[in-house]
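Please keep the sequence and the structure in view while reading.

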Amino acid sequence: MDLLVHLPLLACSLLLFPVTMTVGREIAADACASQISGFQHLNSTGLHLTLHHPQSPCSPAPLPKDLPFSAVIAHDAGRLARLTTNNPSRRPTSLHRGNKPVSNQVADSLAVTVPLTPGASVGVGNYVTRLGLGTPTTSYAMVVDTGSSLTWLQCSPCVVSCHRQTGQLYDPQASSTYASVPCSSAQCSELQAATFNPSACSKSNTCIYQASYGDGSFSIGYLSKDTVSLGGSSFPGFVYGCGQDNEGLFGQSAGLIGLARNKLSLLYQLAPSIGSSFSYCLPTSASAGYLSIGSYNPGQYLYTPMVSSSLDTSLYFINIAGMSVGGNPLAVSSSEYSSLPTIIDSGTVISRLPTAVYTALSKALVAAMGGTPHAPAYSILDTCFKGQVSKLHLPTVDLAFAGGATLKLKPGNVLIDVDDSTTCLAFAATDDTAIIGNTQQQTFSVVYDVAQSRIGFTAGGCS
């Protein structure tokens, strides 16, 4: 019988959310309590966790208050490099402090529990949740990433380097259910496909992983097994990375939860127990969202088929069918929408559209907004207006996918504030790979039904 696991989502990713969102910071403390009952799209028989935006005062791994939006742009670009090239930055797969080899001894433990919050590239654009690991279980703030497969977290003794994190480091020696994974295991052999990096072997025959990301961030450590705990349910033998050298922009999270299509991802490892689907609602900084793994209510969604791509079999590809502004289709050939492969991704902030589609969208939006004062371009964002999105009047913008699913975007899904006086179109042009990022997905309930190879959307997912 499928078991449904719902995790609270907190926004956090390796793309930085730079703007201080004062409205989110004014949320009363009692509003941070999980309100799972408010999520109407969740299956009634499951485990539910609340999700928060990285700039939310409720986030378990809060981002710096003074991050510039230029940091979001820069780390978004790094994430794109990882998603579209399958050629992450390389580092020697070894664990050394200076020139001295580090001991391979790591102990026994692990378990997982997940509340989510938004972040970036792999550290600040992605959403964050809490994961329980080990026996006894300890909870950790983790980035949630549909563009990564391997789950990993920072581990004591952190023999090379650890970034600053919220809460204590995971200590494998404190878990009675921890075990290292040997080099001869099938899981060790799967690392090449999961991380695009080869595995290595320690002198004590423990498998060493290397997870690297487009912006230069990385984690190296020992492949391990332990009990993961989600919403009160425990799953023994979960395979993850016990990081001993972790460097880059991961916010203050302890690590990363991989939800991509690979045997080592959290989704695939738990599928025999809870089913091959997950859903989420990515919240704004002023709301709460969720991550749900397992069964869902299929009648509530409109679907688009997942499509395959030779670029990367682990990512989630879909087809855009059309866009309209104010009810009028964009002045572009329908073939332009399918001119590039399209990824749907939880960690990219600024969506990328084929150049012809983006140009048509920009022109249509500018025309529809009439006398709204323009602002200078901000980095790659060249369609900007004076003011903040909450104070401007926007036309309706619809984003349609193959199969009939359509996102009726709200103003906050179309424009993004880059500073106190400027807001810009949250799309950019590309001639490489199109991406539907998390700005457009915010407040929608999105389900990834891997078993039936489809992705569903419905409005009003967040509380």
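In this predicted model, Cys158 and Cys162 form a disulfide in which the sulfur atoms lie 1.3 Å apart. Cys158 has a relative accessibility of 12% and therefore counts as buried, the limit being under 20%, whereas Cys162, at 27%, counts as partly exposed.

A second pair, Cys183 and Cys201, has its sulfur atoms 1.9 Å apart, and the torsion about its S-S bond is about 100 degrees, so this disulfide is right-handed. The pair links distant parts of the chain, with Cys183 in the loop between strand E11 (179-180) and helix H3 (186-189) and Cys201 in strand E12 (residues 200-201), 18 residues apart. Cys183 is buried at a relative accessible area of 18%, while Cys201 is partly exposed at 45%.

Cys188 and Cys207 also form a disulfide, and this one is right-handed because the torsion about its S-S bond is about 80 degrees. Here helix H3, which holds Cys188, is linked to strand E13 (residues 207-212), which holds Cys207, across 19 residues; both cysteines are buried.

| Disulfide | Sulfur-sulfur distance |
|---|---|
| Cys158 and Cys162 | 1.3 Å |
| Cys183 and Cys201 | 1.9 Å |
| Cys188 and Cys207 | 2.1 Å |

The count of disulfides comes to six, these pairs among them. As for the protein chain as a whole, its secondary structure comprises eight helices and 34 strands, and buried residues make up 60% of its 463 residues. Of the contacts with a separation of 6 or more, 75% are between residues 24 or more positions apart. The accessible surface comes to about 16000 Å², with 53% belonging to carbon and sulfur atoms.

Notes
Residues are numbered from 1 along each chain as its sequence is written. This is a predicted model: local features need pLDDT of at least 70, side-chain atom pairs count only at pLDDT 80 or more; totals for chains, interfaces and linings use all residues. Side-chain values use heavy atoms; hydrogens and water are left out. Helices (H or I, at least four residues) and strands (E, at least two) are DSSP runs, numbered from the N terminus. Buried means under 20% relative accessible area, exposed over 50%, partly exposed in between (1.4 Å probe, protein chains only). Contact means heavy atoms within 4.5 Å. Accessible areas come from the Shrake-Rupley method with a 1.4 Å probe; for residues, only the protein chains shown count as cover. A disulfide is a pair of cysteine sulfur atoms within 2.5 Å.
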